[in-house]
Amino acid sequence: MLGSFAIYHRQPRRPDGASLALIEEASRLAGIAVEQAQAGVALRAGEARFRSLYDHAPVALWEQDWSAVRAALGQPPFSGVDDLAGFLLAHPEQTRRLAALVRILDVNAAALAQVGAPGLDKSGVALGLAQNFNDDAMPAFSRAVVALAGGAHLFACESAFLRLDGVARQNELTLLVMPGHEQSLNFVIVSTLDITERKRMNDDLLLLATTDFLTGLPNRRQFMQQLDAEHARLLRELGGCAAVLMLDLDHFKAINDEHGHAVGDAVLRHVAALMLAARRKVDSLGRVGGEEFAILLPGTGMAAAAVFAERLRQRIADTPLAQDGDAAPVTVTVSIGIAVMAGTEAGYEAVLIRADKALYGAKRSGRNRIGLRGHNPARAGQREA
């Protein structure tokens with residue numbers, strides 16, 4: 001029951017057929033008008049609630065219009081392109097052109113705070129797509145274009161963005177095409193979350209998990225992962241090889257006893273720095289024990305590995321650690337064991353065993369020297385010195 005409708009005459013009378021038809025039609029029209037009025041009130045109330053939620057939401061929200069992007073995709077050079085993702089990857093200038101077509105219609109207070117404009121009138125703040133996707137994030141933007149153009153209503157990604165003061169930060173974005181606007185893309189709500197600190201903390205945790213805190217080299221676990229990856233590569237390239245060097249500081253306990261543990265730590269850092277200076281970009285280093293280090297030399301046979309090891313051994317022996325004050329420099333030498341790994345081996349553990357045996361062979365021979373231990377695939381797993 002929406003209301004009542006009546007027709008009054010100057011004289012009392014019963015309604016005839018025409019009057020009944022008029023009442024029927026008039027009441028129907030009145031009902032439509034009442035329902036529209038009620039719907040209008042509900043719509044305005046809903047819009048007010050949405051606006052209140054939008055303006056006061058703790059997450060940064062952006063109202064954007066991507067309709068010009070949609071229109072551009074139907075015109076040259078995009079029309080007729082089957083692989084839009086590949087086209088944008090090959091033509092980054094076209095990606096930047098599309099980015100310039102995105103219009104930012106509105107932002108909430110959290111978005112202003114995120115980009116460095118808290119408390120300002122948003123009508124007076126010049127915002128652009130760089131506050132969602134900066135130049136470094138154009139690949140992420142191109143993926144968003146491909147997703148929305150392909151009919152996706154929701155797209156999420158990570159990107160880089162610029163604050164208004166020019167500082168680059170990291171974003172987590174979610175793009176939502178509002179219902180009824182899927183074809184035009186003229187009403188897209190974007191939420192952004194600054195994840196710069198979270199990513200920094202994750203990077204710090206990863207560094208702690210994979211790096212030796214004293215020398216800055218990869219720790220044993222990380223080096224073993226690199227060795228495992230190299231073994232997997234060799235399984236795919238049966239003709240390839242790699243060399244593994246195990247290094248051990250000679251008389252390290254005596255250095256600690258004579259000079260103290262602080263000097264011992266400095267010696268470890270000193271040797272790590274010399275190893276870093278000697279390596280190639282493809283080589284992997286690691287501290288795998290107290291005074292034990294390892295080097296992985298991809299694509300290197302025994303002869304080349306021996307040349308590398310001898311050069312490194314000589315460099316360490318010729319570069320004593322200088323101490324503060326009048327204290328004499330600390331002479332450091334290393335013993336090195338070398339083994340070669342091929343794709344015919346079942347795992348990388350065997351090459352470590354051979355390199356260890358070669359290392360201790362070098363130590364038994366007098367230290368400050370190199371021990372070699374090869375692998376002969378034809379001899380069914382036998383080891384040769």
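1. Arg198 is partly exposed at 40% relative accessibility, where partly exposed covers the range between buried, under 20% relative accessible area, and exposed, over 50% (1.4 Å probe, protein chains only). The salt-bridge partner of Arg198 is Glu172, with the closest N and O atoms 3.0 Å apart. A salt bridge here is a side-chain nitrogen of Lys or Arg within 4 Å of a carboxyl oxygen of Asp or Glu. The pair joins distant parts of the chain, 26 residues apart: Glu172 belongs to strand β4 (residues 168-177) and Arg198 to helix α7 (residues 196-210). Glu172 is also partly exposed, at a relative accessible area of 29%.

2. On the basis of the analysis: this is a predicted model, in which local features need pLDDT of at least 70 and side-chain atom pairs count only at pLDDT 80 or more, while totals for chains, interfaces and linings use all residues. Residues are numbered from 1 along each chain as its sequence is written, and side-chain values use heavy atoms, with hydrogens and water left out. Helices (H or I, at least four residues) and strands (E, at least two) are DSSP runs, numbered from the N terminus.

3. The structure contains 19 salt bridges. One of them joins the side chains of Arg103 and Asp65, at 3.2 Å from N to O. This pair also links distant parts of the chain, with Arg103 in strand β2 (residues 103-107) and Asp65 in strand β1 (residues 60-65), 38 residues apart. Is Asp65 buried or exposed? Asp65 is buried, at a relative accessible area of 9%, whereas Arg103 is partly exposed at 48%.

4. Two further items concern charged side chains. Arg163 and Asp165 meet in a salt bridge of 3.3 Å, N to O; Arg163 is partly exposed, with a relative accessible area of 24%.

5. Helix α10 (residues 261-278) and helix α11 (residues 302-317) have axes that come within 10 Å and cross at roughly 140 degrees. Axes are lines fitted to C-alpha atoms, for helices over the stretch in contact, and angles run from 0 to 180 degrees between N-to-C directions. The angle therefore makes α10 oblique to α11, since angles under 35 degrees count as roughly parallel, over 145 as roughly antiparallel, 65 to 115 as roughly perpendicular and the rest as oblique. The crossing of α10 and α11 is right-handed; a crossing is right-handed if the near helix is turned clockwise from the far one by less than a right angle, and left-handed if anticlockwise.

6. Which residues of α10 and α11 make the contact? On the α10 side they are Val271, Leu274, Met275, Ala277 and Ala278, and on the α11 side Phe308, Leu312, Arg315 and Ile316, contact meaning heavy atoms within 4.5 Å. By class, this contact of α10 with α11 comprises 8 nonpolar, no polar and 1 charged residues. Ala, Val, Leu, Ile, Met, Phe, Trp, Tyr, Cys and Pro count as nonpolar, Asp, Glu, Lys and Arg as charged, and the others, Gly among them, as polar.

7. Helix α9 (residues 252-259) also packs against α10, at an angle of about 140 degrees with the axes 7 Å apart. α9 is therefore oblique to α10. Phe252, Ile255, Asn256 and His259 of α9 meet His261, Val263, Gly264, Val267 and Leu268 of α10. The contact of α9 with α10 divides into 5 nonpolar, 4 polar and no charged residues.

8. Helix α4 (residues 92-99) and helix α6 (residues 138-149) pack with their axes 10 Å apart, at an angle of about 70 degrees. That angle makes α4 roughly perpendicular to α6, and α4 passes α6 in a left-handed crossing. From α4, Thr95, Arg96, Leu98 and Ala99 meet Met138, Phe141, Ser142 and Val145 of α6. The residues of this contact of α4 with α6 are 5 nonpolar, 2 polar and 1 charged.

9. Most residues other than glycine have a negative phi, and most peptide bonds are trans. The peptide bond from Pro76 to Pro77 is cis, with omega near 5 degrees, and Pro77 is found in the loop between α2 (67-73) and α3 (84-90). Leu185 has a positive phi, near 55 degrees; Leu185 lies in the loop between β4 and β5 (188-194) and is buried, with a relative accessible area of 4%. Asn368 likewise has a positive phi, near 50 degrees. Asn368 sits in the loop between α12 (349-364) and β10 (370-375) and is partly exposed at 28% relative accessibility.
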